[in-house]
Amino acid sequence: MASEKTVKLLLACAMVAVLLGVAGYVLVFWHNYSGCQQLEAEAAKNGKPMSCADIKAAAKAQRDTPRP
């Protein structure tokens, strides 16, 4: 059977892994949010106020359009 120190080390590693996963999720969410804020501000500055969803849909449509 595994020793008590090994079990504690494995639990500590699991907690660190969970903490890193949550931190990564928060970082990606924050990056997407701040990116949307910048895109919305730029669109408003250009005189075409758009929501983040509209900007993403337009970018996807442009990306999916076949090029000659």
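Helices here are DSSP runs of H or I with at least four residues, numbered from the N terminus. Keep that in mind while you click around this predicted model.

**Stop one: helix 1.** Select residues 4–45, which make up helix 1. Now show the side chains of K8 and E4: these two form a salt bridge, with the closest N and O atoms 3.5 Å apart. Why do they line up? K8 and E4 sit four residues apart in the helix, so about one helical turn separates them. Colour by accessibility and you'll find K8 exposed, and E4 exposed too.

Zoom in on V26, which belongs to helix 1. Is V26 exposed or only partly exposed? Its relative accessible area is 48%, so V26 is partly exposed; exposed would take over 50%.

**Stop three: helix 2.** Jump to residues 52–64, the span of helix 2. Bring up D64 and K60, whose side chains meet in a salt bridge at 2.9 Å, N to O.

**Before you close the viewer.** How many salt bridges does the count come to? Two: you've been to K8 with E4, and to D64 with K60.

Conventions. Residues numbered from 1 in each chain as written. Predicted model: local features only at pLDDT ≥ 70, side-chain atom pairs only at ≥ 80, totals over all residues. Heavy atoms only, no water. Salt bridge = Lys/Arg side-chain N within 4 Å of Asp/Glu carboxyl O. Helix = DSSP H or I, 4+ residues; strand = E, 2+ residues; numbered from the N terminus. Buried < 20%, exposed > 50% of the residue type's maximum accessible area, 1.4 Å probe, protein only.
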